[in-house]
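This briefing concerns the sheet of a protein model, its turns and the helix beside it. Please keep the sequence and the coordinates at hand while reading.

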Amino acid sequence: MDESALHEKPAEFLAALRDHAGVCDAQSILPADDHYVCHCTCGRWDVSAATREEGLALARAHTAEPGG
Ligand SMILES: [Zn+2]
């Protein structure tokens with residue numbers, strides 16, 4: 001499987017997310033009102049950050065967790 005392949009359909013994207021469940025494959029940091037919502041593909045990391053920079057730092061800390 002080519003993990004870098006683009007997922008053109010939402011269903012394919014969701015299937016890919018499920019394939020990667022439990023794996024810290026990618027983190028998203030999305031603006032929401034006055035803060036940022038951070039999510040990880042492992043599905044066990046959903047936090048909010050005051051700034052995008054803070055979100056990136058939290059994401060780095062999350063993926064650096066031993067055994068994560
Ligand atoms: Zn994760």
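The model is predicted: local features require pLDDT of at least 70, side-chain atom pairs count only at pLDDT 80 or more, and totals for chains, interfaces and linings use all residues. Residues are numbered from 1 along each chain as its sequence is written. Helices (H or I, at least four residues) and strands (E, at least two) are DSSP runs, numbered from the N terminus. Two strands pair if DSSP finds at least two bridges between them.

**Sheet**
- Three strands make up an open sheet with the order β1-β2-β3 and antiparallel pairing.
- β1 and β3 are the edge strands, each pairing on one side only.
- From one strand to the next, the twist averages 25°; axes are lines fitted to C-alpha atoms, for helices over the stretch in contact, and angles run from 0 to 180 degrees between N-to-C directions.

**Hairpin of β1 and β2**
- β1 and β2 run antiparallel and are joined by six bridges, with Ala32 opposite His35 in β2.
- Two residues lie between these strands, and Asp33 belongs to this loop, between β1 (27–32) and β2 (35–40).
- Asp33 has a phi near 55°, which is positive although the residue is not glycine.
- Most residues other than glycine have a negative phi.
- Asp33 is exposed because 7 other C-beta atoms lie within 10 Å; the classes are buried at 20 or more other C-beta atoms within 10 Å of a residue's own, exposed at 12 or fewer, and partly exposed in between, with C-beta atoms placed from the backbone.

**Hairpin of β2 and β3**
- Strand β3 (residues 46–49) pairs with β2 in the antiparallel sense over four bridges, and His39 stands opposite Asp46.
- Five residues separate β2 from β3 in this hairpin, and Gly43 in the turn has a positive phi of about 75°.

**Faces and helix**
- The covered face of β2 carries Tyr36, Cys38 and Cys40, whereas His35, Val37 and His39 are on the uncovered face.
- In a regular strand, side chains alternate between the two faces of the sheet.
- Helix α2 (residues 52–63) lies across β1, β2 and β3 and runs at about 20° to β2; residues are in contact if their C-beta atoms, placed from the backbone, lie within 7 Å.

How values were computed: Contact = placed C-beta atoms within 7 Å.
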